Amino acid sequence: MTPVELIRKKRNGGSLSKDELHAFITGFVNGTIPEYQMSAFLMAVYFNGMSVEERATFTEVMLHSGIVVDLSMIPGVKVDKHSTGGVGDKVSLILAPMVAACGVPVPMISGRGLGHTGGTLDKLESIPGFRTDLSIDEYKNVIAETGLVLIGQTEEVAPADKKMYALRDVTATVESIPLIAGSIMSKKLAEGIDALVLDVKTGNGAFMQRYDDSVKLAEALVSIGNSMGKKTIGFITDMNQPLGFNIGNWLEVVESVECLKGKNVPDLMEVTYVLGGTMLRLGKKADSINEGIERCKSAVSSGKAFNKFRELVKRQGGDVSYLDNPDSYPRAAHVKEVRSKKGGYISGFATMEIGLLAIELGAGRIKLDDVIDPKAGIILTKKLGDRVDKGELLATIHTDKENILNTASDKLASMIEIVDRPVTPPPIIVSYIDETGIRLWSF
Ligand code: URA
């Protein structure tokens, strides 16, 4: 079939075969299928979706558009985690060293900030000297030596996703379950993992804001992973408020270091421990998630998890003196307090808007070539359900941009809703999904 015939078939609601998907996607990667035809195909998928089988084939073709890293020389079950993205989501920075400190190798290829969400690579790069652009050989050496590695997507790994993602971004075809699932899973399966834990966010700071859509995405991701022979478990977790207190690259590294040194930030550490316990179970270092959670807690309280992070940062070129003494890091030129105009209870955060505000302060890119200010961001002091008095501190804003300081502080105050009556915060971990189905999460 010609490219036009394949697009027409998809446009009319048909399913493409493995050979057809392979021809279309490899043609795009090697330049024989132009962007305008791929754009039309993406829009047809956006409107018509893909069958379960087609989704798995699509992912497999994307995966094999580049190399699949072979980590078979590393002993043990290699397990990674992927989050669909949120605001203040710094889980990977705490989780990866904590799990590696418990003996499960963690190879992680992470992304940069996308839309209103932050990215692990941008956070790590706020540590002076930290290199995320390792070659695949260096990637293998670091995980062999330290038990974990954190890098960005290279040209060799899932190039079809790299090229298609850039096009989706400018053709309004990002929010499609088969396209998101293929994009995430092709990258994750190319890393050399044996098993995967997924954190699918739901709520007003997530890409999938409605619970039902988050379930559909989680089910698609879990079924693709398992159908490709990688044991995959998913969680749906709440993103109706930023995770933890700090938003912005270096500010999030600071909060992660505090947690690695034993501070309990309840929502952040609940997610981190449950994902960590699950990774230990998948990595055969615990017989149950609960046992895994206990082992992860010991790795933190003994200092092993922090030491593992320090070892990784040093190995990837970062200056560990800033981890030992975070106060030595430069501060933003302006730190402005946001105080409550009334007393009551915190009933809502406009989470996506808070993420976008952090970007405006300098924590992310508004244009593709913008340079991130690692010091910029927001530190909240309250969580959903907390009591607040009139005049009490709600947050601090950190930025070098003096001209937006006052408007940013007014905007942030308007993004935090306060009511008179007590409020019950939502559960942080909502549900659990494996190959047998979905259930509400409880310990
Ligand atoms: N993250 C990805 O890697 N791909 C998507 O399509 C969306 C989020």
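1. The ligand is surrounded by L114, Y165, R168, I180, S183, I184 and K187 (a residue is near a molecule if one of its heavy atoms lies within 4 Å of it). This is a predicted model, in which local features need pLDDT of at least 70 and side-chain atom pairs count only at pLDDT 80 or more, while totals for chains, interfaces and linings use all residues. Residues are numbered from 1 along each chain as its sequence is written, and side-chain values use heavy atoms, with hydrogens and water left out.

2. Two helices, α8 (159-170) and α9 (177-189), each supply at least two residues of the shell around the ligand (helices are DSSP runs of H or I, at least four residues, numbered from the N terminus). The most comes from α9, with four residues.

3. By class, the shell has four nonpolar, one polar and two charged residues (Ala, Val, Leu, Ile, Met, Phe, Trp, Tyr, Cys and Pro count as nonpolar, Asp, Glu, Lys and Arg as charged, the others, Gly among them, as polar).

4. Helix α8 also meets α3 (residues 35-48): E35, M38, S39 and L42 in α3 contact M164, L167 and R168 in α8 (heavy atoms within 4.5 Å). The residues of this contact divide into four nonpolar, one polar and two charged.

How values were computed:
Axes fitted to C-alpha atoms, helices over the stretch in contact; angles between N-to-C directions.
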